[in-house]
Amino acid sequence: MIDEIALLRLKRAALAVLIGSVLTVGGALVLEHGYGYSPCKLCLTERLPYYAAIPLAVAGLFLPERLARLALGLAAAGLLYGAGLGVYHAGAEWGFWPGPTDCGGGSANPADLGSFRDALANTRVTDCSTAALRIVGLSLAGWNAVIAFALASVAGTAALSSGRRARSAAPRR
């Protein structure tokens, strides 16, 4: 027997994760390409859980209940990892711990001295331990941690609770 209420909750959670992930990545891309904020290595790595969560959330919308719960569970695990990356990055920005030693700007080697001078004049090195922007006191990495944790909570709660509710509602023998 299909529990319609649990299935609806699961689909709503998948839709929320999908919308939240698309808006987060879209916002990062607008800041990067529209406003010229250059992402550091950690910023780019923090986007990967969202890139994975988007197709998993779409799958959660169309798959049967058991597979949708699995897709949302995988999305929750990835987003929880992304929240951890955000906390690490924000902590490095606040100076709580050192950031990665290999985090900074860089590009391909210039062909000649003139190209090298042009590259030096026009390249803005992005450091993982410097916040490019703070909104209400939190850096973009801090907001990433908050958003990723919230989306992981939505996905994880839906993945775990919808199956439990369906089993507990079943008549006992």
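Among contacts in the protein (heavy atoms within 4.5 Å) between residues at least 6 apart in sequence, 80% join residues at least 24 apart. The structure is a predicted model, in which local features need pLDDT of at least 70, side-chain atom pairs count only at pLDDT 80 or more, and totals for chains, interfaces and linings use all residues. Residues are numbered from 1 along each chain as its sequence is written, and side-chain values use heavy atoms, with hydrogens and water left out.

The protein contains 5 helices and 2 strands, where helices (H or I, at least four residues) and strands (E, at least two) are DSSP runs numbered from the N terminus. Along the sequence these elements follow the pattern α-α-α-α-β-β-α. Of the 173 residues, 31% count as buried; buried denotes under 20% relative accessible area, exposed over 50%, and partly exposed the range in between (1.4 Å probe, protein chains only).

Helix H1, with 31 residues, reaches 43 Å from its first C-alpha to its last, close to the expected 45 Å. For H2, which has 22 residues, the corresponding reach is 34 Å, close to the expected 32 Å. The 30 residues of H3 should span 44 Å, and the 42 Å between its end C-alpha atoms agrees with this.

With neighbours within four places in sequence left aside, Leu-79 is in contact with Val-17, Pro-49, Tyr-50, Ala-53, Ala-148, Leu-151 and Ala-152. Among the buried residues of H2 are Pro-49, Tyr-50 and Ala-53, while those of H1 include Val-17, Leu-10 and Lys-11.

Cys-128, in the loop between helix H4 (113-122) and S1, is buried, with a relative accessible area of 1%. Not counting residues up to four places away in sequence, Cys-128 touches Cys-40, Lys-41, Leu-42, His-89, Glu-93, Pro-100 and Cys-103. The C-alpha atoms of Cys-128 and His-89 are separated by 7.0 Å, although the two residues are 39 apart along the chain.

In helix H1, Leu-10 has 0% relative accessibility and therefore counts as buried. From Leu-10 to Ala-68 the C-alpha distance is 7.5 Å, across a sequence separation of 58 residues. Lys-11, also placed in helix H1, is buried yet has no salt bridge, the nearest side chain of opposite charge being that of Glu-65, 8.5 Å away. In this assignment Lys and Arg count as positive and Asp and Glu as negative, whereas His and the chain ends are not counted. The side chain of Lys-11 instead reaches the backbone oxygen of Gly-60 at 3.0 Å, and a polar atom of this side chain lies 2.6 Å from the backbone oxygen of Leu-63. Apart from neighbours within four places in sequence, Lys-11 is in contact with Gly-60, Leu-61, Phe-62, Leu-63 and Ala-68.

A search of the whole structure finds 1 salt bridge, the term denoting a side-chain nitrogen of Lys or Arg within 4 Å of a carboxyl oxygen of Asp or Glu. This salt bridge is formed by Arg-47 and Glu-32, whose closest N and O atoms are 2.9 Å apart. The pair links distant parts of the chain, with Arg-47 in helix H2 and Glu-32 in helix H1, 15 residues apart. Arg-47 counts as buried at 9% relative accessibility, whereas Glu-32, at 22%, counts as partly exposed.

Backbone geometry at Val-136 was also examined. Most residues other than glycine have a negative phi. Val-136, however, has a positive phi of about 50° although it is not a glycine. Val-136 is found in the loop between strand S1 (134-135) and strand S2 (138-139), and is exposed, with a relative accessible area of 75%.

How values were computed: A polar contact is a pair of N or O atoms within 3.5 Å; within protein, one must be able to donate a hydrogen and the other to accept it, and residues adjacent in sequence count only if both atoms are side-chain atoms. The expected span of a helix is 1.5 Å times one less than its number of residues.
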